[in-house]
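Me: I am new to this structure and would like a close look at a single part of it. Please take the aromatic pairs and explain the terms as you go.

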Amino acid sequence: MLAREFAQLLHVPLIVMVRFGPDRTGYVVGAYGDPPFPVGSSWPLDPRSVMAQVYATGRPARVDDYSQLDGVVGKVARAARFHSTVGVPIVVAGKTWGATIAITIGDDSLPADTARRLADFTDLVAAAISNTEARDELRVLADEQAALRRLATLVAEGSRPAAVFAAAAEEVAKVLDVRIVDLLRYEPDDAVTVVAGWGEVPFPIGSRFPLDGPSIASKIKATREAQRIDDYSGNPSALGSSVDRAGIRTGVGVPVSVDGKLWGVMAIGSRAPDPLPSTTEERLRDFVELLAVAIANSEARHGLRKLADEQDALRRLATLVAQGAPSHAVFDAVCEEAARIIGSSTVNLARFAPAGCTTTVAGWSRDGSHVPAGVCLPMEGEVINVIVQRERAPGRVEDYADVEGELAALLRRLGVRTEIGAPVIVDGEVWGALIAGLREGTFPRRSEQRVAGFAELIATAVSNADTRAELLASRARLVTAADEGRRKLARDIHDGAQQRLVTAIVSLQLADRQLDTDPEGARTLLRDALSQSRAGLDELRELATGMHPAILTNSGLRAAIEALAQRSRVPVNVRATSQRLPSHIEAGAYFLIAEALTNASKHARASRVEVVIRAREGVLEIEVFDDGVGGADPHGSGVRGLEDRVEALGGTFRIESPEGRGTAIHATLPLLSD
């Protein structure tokens, strides 16, 4: 419409309005009179053409002879019989935005004041364009702010990082009007991974590229500043050549930093040959800042989740230790839990021997390729075992490639590249080390301290196991001493009270013979017998604390129990092993069964009792059943005495006594050596 108004006011047949592009091209945005430059077409700024002169000088220009004008514009002008052209600049915000060009055909020339008159009208055009662009900029700004608000809402709601990444890529593509957006994350091994994308995405999520040349990602890693590439053709890097093959001609990227550390790159690309606008980097930064917040929040939540998982694992293991689980079970559980929480390929528990050796006592790996339990190797070279023992503190070995020694060689054969470890300190001494290994990559900072938490549980388990072993040994010694006391009692009775009673009987027999012939002598013998009897009785009273049956010592547990059964007032069926057992186990089992038979006879009103004794898998199993009235108090003094005797020998005790259904006693005693 403006072009028509210009033509009518200036009385010229053709008007063309162009906008200058960043690639030294004139784009036709308006026309009147059916010129050979249709709206939407683009034309090079050929030398000496009106467009080129206005673009170069920012001032009006005139051409009255096209016969010698080179280039495409000159050729078209001659074909259309252009005679005279005048162009004036369209200045918007102090910059030459484009030009308005008046054209005559045939022999007509433009008046000398055409440039002035055209400029008057063009000023109005510039004002209109300025207002339009201002509105466009406001609309773009509003769209951008709306996109940022939507993204900020996702971040504030704690959405999953993948959802935030995908939304950010889509919003950037729409706001910046680009076709390709990718979010790349830097990896420890000098590579990048595609974690999100939108539009004509050439790379699937999860794609990895090495930083091996002049790509945007490698430039940003080197400078930590925004970068652009205006022409990817012939780019030698793996990422750049992949971009080139995907048809991307130009690209811009800005760094994504989290907590002051470079995390990745937000990159956009275009398949158009023109470079992206100079404001692209600045506009991208607003989105990148929100991405950084989302990543930081996600990593904080991930850190809290990892901490919670670690605390749960430590609680499970602490419960196992508190329950007195066997050391080997605790060791295996700690290795597995530590590997899962720390994210290691292998975990081993090593014990340091006084002879300068390290022995593996437990281990875990998903494929069973950790150092096997029982392996004993010298402490040599800078392996983690040596470092932990020397420093008495957590440590690490980043790469075993050049470490000397048998253990380092074994680790290389197993594919272990790096290890961290923490000492297991028991009673102030370095007992061993808990060690985690990786086959690829490296452990995050402070991973050693996390291993130390698990090593402390190992130390507690070892200390508890030693304490339990000492307690069991002490209890066994007490029981053995008590049984030895009973044997001594039998010897003392034989050597003391029994001899006095024998002497008294002999004196009585002699007195009986002399009673009629020598009353006085018989009286003396009677007094001697009385004295011996009293002395024997006194000794018996002093020694009567229990009797260790001779049959138990001479013939074993089965014979002793069968003797008990023969003397029982209740019929007893005995099924017992004839195997000789450690003396303290035989004594403990004998007195347990004897008391159980006494209780069945006195309290249970039983008509029969069954006794079963089996030795298998390192324990002696004892079962005593009766068909009595049941109802025995599990907390009563009689049952408590039985339980104490069994536990003193390191065994287990259980009683079942439902009302009216008899009583069953189950006990196990470990078959420890004397």
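Reply: What follows describes the aromatic pairs, then a helix. This is a predicted model, in which local features need pLDDT of at least 70 and side-chain atom pairs count only at pLDDT 80 or more, while totals for chains, interfaces and linings use all residues. Residues are numbered from 1 along each chain as its sequence is written, and side-chain values use heavy atoms, with hydrogens and water left out.

The structure holds five aromatic pairs. Rings of Phe, Tyr and Trp (its six-membered ring) pair if their centres lie within 6.5 Å; planes under 30 degrees apart are stacked, over 60 edge-to-face, and the rest tilted. One of the pairs joins Phe37 and Phe82, edge-to-face, at 6.0 Å centre to centre with 75 degrees between the planes. Phe37 lies in the loop between strand E2 (25-32) and strand E3 (42-44), and Phe82 in strand E5 (residues 82-92), so this pair ties together parts that are 45 residues apart in sequence. Helices (H or I, at least four residues) and strands (E, at least two) are DSSP runs, numbered from the N terminus.

Phe37 and Phe82 are both buried. Buried means under 20% relative accessible area, exposed over 50%, and partly exposed in between (1.4 Å probe, protein chains only). Ring pairs also link Phe37 and Phe82 with Trp43 and Tyr66 into a cluster.

Helix H2 (residues 50-57) has buried residues too: Val50, Met51, Ala52 and Val54. Just after H2, Gly58 takes a positive phi of about 75 degrees.
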